[in-house]
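I opened the notebook to record what I looked up in this structure, helix by helix and then strand by strand. The entries follow.

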Amino acid sequence: MGAYTVNRPEEAAMGRLLERNMDNAAGAILRLAWLQGLLREEITALTWDRVSFLDHKVLLPGREAPMEEEMEEYLRRMYARWSRVSEYVVFSQRFRRPMQPQAISRAARRELDSEGQTAVRLIDLRHDYIIRQLQRHDAPYVARITGMEVRTLQLHFSEHIEADRRPTLRQSREAAPVDEFRLWKILQAEKDTAAGLALWLTWQMGLSGGEIVSLTWDRVDFDQNVLRLPDRAVPLTGTVRHALLERRERGGEDPHVLLSDNAGRPLDLPRLSRLTRTVLIRGGMDRITLGDLHRAAGRGGMEARLLELIRQKGAISRGDAMEALGVTAAAAYGVLRRMADEQKLVRVGGKYYLPGTVVPPAEQPAAIREYLERVGFAYRQDIAGVLHVGNKQCGVILKHLVESGELVQVRQKYYLNTPREAEAR
């Protein structure tokens, strides 16, 4: 078997198409195929609960495709605007229903023809994505994120691998753990540069690259010590406040916070990515990018928000997490489950508690037995107080223990199921 015939699109033409189709189905189709590598059937079936902004991945049958920053920011905008209209990422805005595969092909064909890309098919956009990935990563990694077998990649794309391979970039882009001490040294060395400020804004404030390049001084509230972003307010840390004040004192007419060090002009996202990548490599963090820092900071920030909410409320549900984080039910459950797995939270029924504030599920039967051995019988609210859970949750726990035969319920009282206790009743 030979290599596929791939009619690769012109990058400039694709750039114009994406710019022209920012908020419609055609734009989503082109991006999902060219920037995310999805097949037509995957585009058709993709729903918002399969877009995990938490893990920065698109969850597809048999694979997980990582989202690059540009793709993620686009999908976030689409989600904010359209997710309440349709659960499908690509849908007919006119008829408010999912688009069929043939309609998706027609939409892509119409837009590609408009830029003279008449030989380029929708599948070519996915193949071009695969080729670009093979230029940066090894075949096993590309196979994992595209759902193709390594042997298939070698058979069908060997020509492109041979022609376009970049050996120095082929290692996996699985991010290494962030070395905070090494990063701190980089931040200190670069504290007066645009790259240094960008790293501070990402690592300490959780801003994405897109948010950094678009940040203007009218959104920096020094009186209230907060950044007022379009979708949220972010409290300023002392270090970032000091850095911003110093940069503000340098003056200038441009409203953008981040300007190039030499020309004093606003930076775009590609330029910012290159600047921060350069200083990170120079500081010995060659496997880390600005996006990696944003993802690490985002996860830490989400967990911090949930922990603070639990301290205020005593316990939270998945719905509380959804509202606090502004994410889907699946994403909120993913955060809570991971925090429980890492023993940062304790789950009791549908509620999540801080460790040490509630009796863990595995220890609940023993705690109830010990209490009833001392007092003889108890009401539900008494046992809820022992376990430090709500009455409703306690009711579920007691029901299971009664059904298993460990406890006996007589009206509203609970007893141990032992001959001695039965005789006393």
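**Entry 1: helix H10**

I began with helix H10 (residues 194-203), where 9 of the 10 residues are buried, so H10 is largely enclosed by the rest of the structure. Buried here means under 20% relative accessible area, with exposed over 50% and partly exposed in between, for a 1.4 Å probe and protein chains only. I listed the buried residues of H10 as Ala194, Ala195, Gly196, Leu197, Ala198, Leu199, Trp200, Leu201 and Thr202. Helices (H or I, at least four residues) and strands (E, at least two) are DSSP runs, numbered from the N terminus.

I noted that this is a predicted model, in which local features need pLDDT of at least 70 and side-chain atom pairs count only at pLDDT 80 or more, while totals for chains, interfaces and linings use all residues. Residues are numbered from 1 along each chain as its sequence is written, and side-chain values use heavy atoms, with hydrogens and water left out.

**Entry 2: helices H18 and H19**

I then looked up how helix H18 (residues 380-387) meets helix H19 (residues 391-403), and found that they pack at an angle of about 100° with their axes 9 Å apart; axes are lines fitted to C-alpha atoms, for helices over the stretch in contact, and angles run from 0 to 180 degrees between N-to-C directions. That makes H18 roughly perpendicular to H19, a term that covers 65 to 115 degrees, with under 35 roughly parallel, over 145 roughly antiparallel and the rest oblique. The contact (heavy atoms within 4.5 Å) involves Arg380, Gln381, Ile383, Ala384 and Leu387 of H18 and Asn391, Cys394, Gly395, Ile397 and Leu398 of H19.

Which residues of H18 are buried? I found Ile383, Ala384 and Leu387, and they cover an arc of only 105° around the axis, which puts them on the same side of H18; the arc is that of the directions from the helix axis to the C-beta atoms. These buried residues pack against helix H17 (364-375), strand E11 (377-379), H19 and E13. Just after H18, I recorded a positive phi of about 65° at His388.

**Entry 3: strands**

I found that strand E12 (residues 407-410) and strand E13 (residues 413-416) run antiparallel and are joined by 4 bridges, two strands being paired if DSSP finds at least two bridges between them. Leu407 has Leu416 of E13 as its bridge partner. The two strands form a hairpin with 2 residues between them, and Arg411 in the turn has a positive phi of about 55°.
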